[in-house]
Amino acid sequence: MPRTIPERSDQQTNRRRRGSNGGSPPAFDKERYKQRNVVERCFNAFKQYRAIATRYDKTRESYEAALTIASLLMWI
């Protein structure tokens with residue numbers, strides 16, 4: 001039977017001090033979370049393109065062009 005590691009006393013004290021909130025966020029906005037998830041997935045999709053992930057292009061214009069091309073390829 002596996003045993004769990006006991007919590008440190010300072011963590012137990014902090015949990016008791018926070019009470020029923022338990023350190024959870026004050027409110028959860030489902031719509032805002034969906035929008036944030038879309039943005040995070042978009043950034044992760046951009047990371048699949050090596051030139052964008054490593055900032056391979058030297059000039060701002062060529063980097064923006066690479067972003068535009070990657071965006072169009074993802075949209076298609």
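## Terms and model

Contact between residues means that heavy atoms lie within 4.5 Å. The structure described here is a predicted model.

## Overall architecture

The chain contains four helices and zero strands. Read from the N terminus on, its elements follow the order α-α-α-α. Of the 76 residues of the chain, 8% count as buried.

## The packing of H2 and H4

Helix H2 spans residues 30-46, and helix H4 spans residues 60-75. The two helices pack at an angle of about 110°, and their axes are 11 Å apart. Because of this angle, H2 is roughly perpendicular to H4, a class that covers angles of 65 to 115 degrees. The crossing of H2 and H4 is right-handed.

On the H2 side, the residues that meet H4 are Cys42, Ala45 and Phe46. Their partners in H4 are Leu67, Ala70, Ser71 and Met74. By type, the residues of this contact divide into six nonpolar, one polar and no charged.

## The nonpolar core

Which residues make up the largest nonpolar core? This core has five residues in all: Phe46, Ile52, Tyr63, Ala66 and Ala70. H4 gives the most to the core, with three residues. Phe46 and Ala70 belong to this core, and both also take part in the contact between H2 and H4.

When its neighbours within four places in sequence are left aside, Tyr63 is in contact with Ala51, Ile52, Arg55 and Asp57.

Definitions and conventions. Residues are numbered from 1 along each chain as its sequence is written. This is a predicted model: local features need pLDDT of at least 70, side-chain atom pairs count only at pLDDT 80 or more; totals for chains, interfaces and linings use all residues. Side-chain values use heavy atoms; hydrogens and water are left out. Axes are lines fitted to C-alpha atoms, for helices over the stretch in contact, and angles run from 0 to 180 degrees between N-to-C directions. Angles under 35 degrees count as roughly parallel, over 145 as roughly antiparallel, 65 to 115 as roughly perpendicular and the rest as oblique. A crossing is left-handed if the near helix is turned anticlockwise from the far one by less than a right angle, and right-handed if clockwise. Ala, Val, Leu, Ile, Met, Phe, Trp, Tyr, Cys and Pro count as nonpolar, Asp, Glu, Lys and Arg as charged, and the others, Gly among them, as polar. A nonpolar core is a set of buried Ala, Val, Leu, Ile, Met, Phe, Trp, Tyr and Cys residues joined through side-chain atoms within 4.5 Å. Buried means under 20% relative accessible area, exposed over 50%, partly exposed in between (1.4 Å probe, protein chains only).
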